[in-house]
Number of protein chains: 2
Amino acid sequence: MVSAPRQAVVLLSGGLDSATTLAVARRDGFDAVCLAFAYGQNHADELGAAARVARAQDSPLRVIELDASAFAGNALTGDGQIPKGRSGPEIAGGIPATYVPARNLVFLSLALGVAETLGARDLFIGVNAVDYSGYPDCRPEFISAFEETANLATKAGVASDSFRLHTPLIHLSKAQIIRLGADLGVDYALTLSCYDPDDDGRACGRCDSCALRRRGFEEAGVPDPTRYAPGVAT
Amino acid sequence: MVSAPRQAVVLLSGGLDSATTLAVARRDGFDAVCLAFAYGQNHADELGAAARVARAQDSPLRVIELDASAFAGNALTGDGQIPKGRSGPEIAGGIPATYVPARNLVFLSLALGVAETLGARDLFIGVNAVDYSGYPDCRPEFISAFEETANLATKAGVASDSFRLHTPLIHLSKAQIIRLGADLGVDYALTLSCYDPDDDGRACGRCDSCALRRRGFEEAGVPDPTRYAPGVAT
């Protein structure tokens, strides 16, 4: 007997991590509904990357518009400076300038609403507590607390038909994530991780996110398909 | 020595409960920043009521636009039927048709982002677990879980500079809420509780929310200033 695939809502930013998370959800037998957010990111290229990644993995994408004023005052949506040229230990220290107040909580709450509307009980998010431990909303204890809150916030929780929040990457290094995705056939050329791409959507190669990604490909022994801006040493 | 008032973010729907909650926040010495959401409510009159209530209590109002598609499939934002003419025991049973998936969680998450941006640590929400116990996201256990999650989701939580979620109405009956608000000088004529007002913003007098509100004024012994649609027996 073949059972019908279950639906899952997968948060998709268009970056390397969420593209891998989508592949894991599909490997695990879920029909994925991808969710991206338009919230005044400085680089709208992210949404283009999310659309390409969803299409390549045969999954529908829903884009939810979010009022950017809710997220004022940080380096990703405001005028803050995106740090460049930092190395591993510097990146690991403290809460990044690119921290957006309560962002993952807002995204997950909206994903929960969509999931409940669809009748889905599974949510996937590509948070990671290893390389980028400075983000408070990527920690395992945040994930557990959200899952509990989600089940108290909803009809499903009342009916003991619980939501599950899957974080398949949370304890993996960037290199491990890349090897996992490569095994699952993820085309990383479609993804965009850079915080500060050029007008053609090419990566700067120097922001924290680029630095972690480049080192990840090196350590994984997987060729880096990233399109870098001219002049970036590769 | 007079200390500077602390800022608090107060969720304001324009209804009776949130108007009372705002008055409590001000009584407790907070400078209130009110937050309302435009999310495809069938009656945009709510936002007009929120603006009137905020103005009457000398507090700024921020309106955050929310993509209505995140909340599809319920009687408040969709095509569902709003129940009418039910009495107390009927209203108390089960989860209402007007339940919106994960709504309070989404609203509180956005309020948390605004609070963190402002440097505020106090949030107020007028949820109530007595008259309308059918909403899962009005229960005390949801409130506790959210507070814990909020402190794990944010910079402030990491710095042990904790957020507090105030729910001053949670254990009050509607009549007690009305007496409290009347003592604090709340002008309930400015508020709108009806799920289905007419084109002039007058209350239907028959939906669950109107029924609870009318009975509350009766039990409180406070004159009901609500503008009802013509033909509603008062």
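Reader: In which crossing, left-handed or right-handed, does α1(B) pass α7(B)?
Author: The model is a predicted one, in which local features need pLDDT of at least 70, side-chain atom pairs count only at pLDDT 80 or more, and totals for chains, interfaces and linings use all residues. Residues are numbered from 1 along each chain as its sequence is written, while chains are lettered from A and ligands numbered from 1 in the order in which they are written. Helices (H or I, at least four residues) and strands (E, at least two) are DSSP runs numbered from the N terminus, and a crossing is left-handed if the near helix is turned anticlockwise from the far one by less than a right angle, right-handed if clockwise. For α1(B) passing α7(B), the crossing is left-handed.

Reader: Which residues make the contact between α1(B) and α7(B)?
Author: Two residues are in contact if their C-beta atoms, placed from the backbone, lie within 7 Å. On the side of α1(B), the contact is made by L16(B), D17(B), A19(B), T20(B) and A23(B). On the side of α7(B), the residues are I177(B), L180(B) and G181(B).

Reader: At what angle do helix α1 and helix α7 of chain B pack?
Author: Axes are lines fitted to C-alpha atoms, for helices over the stretch in contact, and angles run from 0 to 180 degrees between N-to-C directions. Angles under 35 degrees count as roughly parallel, over 145 as roughly antiparallel, 65 to 115 as roughly perpendicular and the rest as oblique. α1(B) and α7(B) are therefore oblique to each other. Their axes are 9 Å apart, and the packing angle is about 45 degrees.

Reader: Within what arc do the buried residues of α7(A) fall?
Author: A residue is buried if 20 or more other C-beta atoms lie within 10 Å of its own, exposed if 12 or fewer, and partly exposed in between, with C-beta atoms placed from the backbone. In α7 of chain A, residues 174-183, the buried residues are K174(A), I177(A), I178(A) and G181(A). They line one face of the helix, because their directions seen down the axis of α7(A), taken from the helix axis to the C-beta atoms, fall within an arc of 95 degrees.

Reader: Against which helices of chain A do the buried residues of α7(A) pack?
Author: These buried residues have partners in two stretches of chain A, 16-27 and 208-220. The helices in question are α1 and α8.

Reader: What phi does D58(A) have?
Author: Most residues other than glycine have a negative phi. D58(A) lies in the loop between α2 (45-56) and β3 (61-65) of chain A, and it counts as exposed because it has 9 C-beta neighbours inside 10 Å. Although D58(A) is not a glycine, its phi is positive, at about 50 degrees.

Reader: What share of the 234 residues of chain A count as buried?
Author: The secondary structure of chain A comes to eight helices and five strands. Of its 234 residues, the buried share is 49%.
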